[in-house]
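This report goes through selected sites and elements of one model. The sequence and structure come next.

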Amino acid sequence: MAIQFNFVSSMLILVLLSISSAEGQGGEGGGGVIDVVAKFGAKANEKTDLSKPLLDAWKEACASTSPAKIVIPKGIYFLSTATLDGPCKAPIELQVEGTVKAPADPGAFKEPKWIAFNRIENFKLSGGGVFDGQGTTAYKREGCKNHDYCGSLPINLRFDFLTNVMIQDITTKDSKQFHVNVLGCKNITFEHFTISAPGESPNTDGIHIGRSDGVNVLNSEIKTGDDCVSIGDGSKNLVINGVTCGPGHGISIGSLGLFKNEEPVDGVTVKNCTMTNTSNGVRIKSWPGAEPGTCSNIHFEDITVTNVSSPIIIDQKYCPWNKCKINEESKVKLSNISFKNIHGTSALPEAIKIICSATLPCENVELADIEITHSGPDGPTVSQCSNVKPKVSGKQNPVACSAPIPAKPTPAA
Ligand SMILES: *[C@@H]1O[C@H](CO)[C@@H](O)[C@H](O)[C@H]1NC(C)=O
Ligand SMILES: *[C@@H]1O[C@H](CO)[C@@H](O)[C@H](O)[C@H]1NC(C)=O
Ligand SMILES: *[C@@H]1O[C@H](CO)[C@@H](O)[C@H](O)[C@H]1NC(C)=O
Ligand SMILES: *[C@@H]1O[C@H](CO)[C@@H](O)[C@H](O)[C@H]1NC(C)=O
Ligand SMILES: *[C@@H]1O[C@H](CO)[C@@H](O)[C@H](O)[C@H]1NC(C)=O
């Protein structure tokens, strides 16, 4: 559900472009290990704001001409908000061993972010720690009518314009909005990354990726209320391998084709992933009518689905909240898309839906070794296709494109 993100990120880009990055000053040499408690008086008492000690430690580490590591030791901390800016003079690591908690009150945030990392090269975030967004109150959407913050709830972790980054052994919990937003990054890897939020939490996408080249999400566990991973325009060379997803809405490309000047999505491999109790498995979605775009070289391979409502879905009539011109066709061109070795069970009979644009039919779609069963009073699984002639090989259960197509656009978000 990456709609709001597009507005927010465009605004963010403008803001970022107009602010010159804060460069560290002084601090010849330096480096080494900087403990926020020992050196900058941070307190693990859940009350004292970690913001100033963290920013002070960041300033020193970022100015160091040799590699530096900031440590947040074990304990529970309160952090109002923090933006950690580069560029830094040498590689930098933030090792979080403790649990860092956000203000529970959604009204405490002026911008849609809690912790942001901005314009840093050679950065590592590690340590086994937890970022707890304390989103429970925000999920109820109470008081939205009287305040405007519900439209700009904070994202737990923002990674903006970063290069050569490793994020390892970190947990993000109960974010009020998306857990993670990746924008304008090059070569960033998430490994042993854990995301947790209730299945009913609204708009809590796990990792949203946009305008980035070389993003890897490896051996990670995502339980949340919206897409586990959502991929927006301008995403290139993505690898998602060894991710377990559920509850959640699956791994999703799009929605595409809503905004002007969207950049191509090119090169996404989703492999060796497991989805359990999710509303979708692997999905590509674009809006009818609206704006042009392209999405190509997308490979879904070795995926296990268990009780997933829509395990395989291309939806070029994506139209939640009736926000589109229903009778128009999508202007987003999809090509070179494969689904290989996808097996398990679906919660609904419609296991496979490949609904492409009538004006720009999907090109070079491949289905190989598909085995998805459904047992229920509503019959076995079916496979629906429109405006696509997939290349089929190996086992096919249900038989590829054997069912009549639905007449109506899909209303579900
Ligand atoms: C990508 O980033 C990692 C750090 O996470 C670094 O070790 C690696 O060399 C980078 N790759 C390239 C091609 O720069
Ligand atoms: C597949 O994913 C699991 C984690 O779910 C990981 O442990 C394993 O190494 C992955 N296998 C390959 C071949 O990447
Ligand atoms: C899937 O949902 C069922 C029913 O709500 C639940 O019993 C089961 O534990 C869930 N499985 C996972 C892996 O969350
Ligand atoms: C399957 O998922 C549905 C919701 O999509 C849930 O109601 C049901 O309990 C789940 N069944 C099992 C066996 O996990
Ligand atoms: C699709 O794949 C073919 C063969 O690998 C390649 O030549 C073509 O450039 C690809 N199309 C796009 C749009 O990338």
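## The H249 loop

H249 sits in the loop that links β17 (236-245) to β18 (251-256). Strands here are DSSP runs of E with at least two residues, helices are runs of H or I with at least four residues, and both are numbered from the N terminus. The model is predicted: local features need pLDDT of at least 70, side-chain atom pairs count only at pLDDT 80 or more, and totals for chains, interfaces and linings use all residues. Residues are numbered from 1 along each chain as its sequence is written, while chains are lettered from A and ligands numbered from 1 in the order in which they are written.

H249 counts as buried because it has 29 C-beta neighbours inside 10 Å. The cut-offs are 20 or more other C-beta atoms within 10 Å for buried, 12 or fewer for exposed, and partly exposed in between, with C-beta atoms placed from the backbone. Leaving out residues up to four places away in sequence, H249 touches D226, D227, T278, S279 and N280; contact requires C-beta atoms, placed from the backbone, within 7 Å. An unreviewed UniProt entry annotates H249 as "active site". UniProt positions follow the numbering used here, feature names are shortened, and annotations may be inferred rather than shown by experiment.

## Ligand shells

Around ligand 1 are N164, V165, M166, N187 and T189, where a residue counts if its C-beta atom, placed from the backbone, lies within 6 Å. β11 (163-173) and β13 (186-196) each supply at least two residues of this shell, and β11 gives the largest share, with three. The shell has two nonpolar, three polar and no charged residues. Nonpolar covers Ala, Val, Leu, Ile, Met, Phe, Trp, Tyr, Cys and Pro; charged covers Asp, Glu, Lys and Arg; the others, Gly among them, are polar.

## Strand pairing

β5 (residues 92-96) and β8 (residues 121-126) pair in the parallel sense over four bridges, and I92 stands opposite F123 in β8. Strands pair if DSSP finds at least two bridges between them. β8 also runs parallel to β11, joined by four bridges, with F123 opposite V165 in β11. V165 is also among the residues around ligand 1.

## Helix α3

The buried residues of α3 (residues 51-63) are P53, L54, A57, W58, K59, A61 and C62. They pack against β1 (32-35), α2 (36-40), β2 (68-72), β4 (82-85) and β5.

How values were computed. Contact = placed C-beta atoms within 7 Å. Expected span 1.5 Å × (residues − 1).
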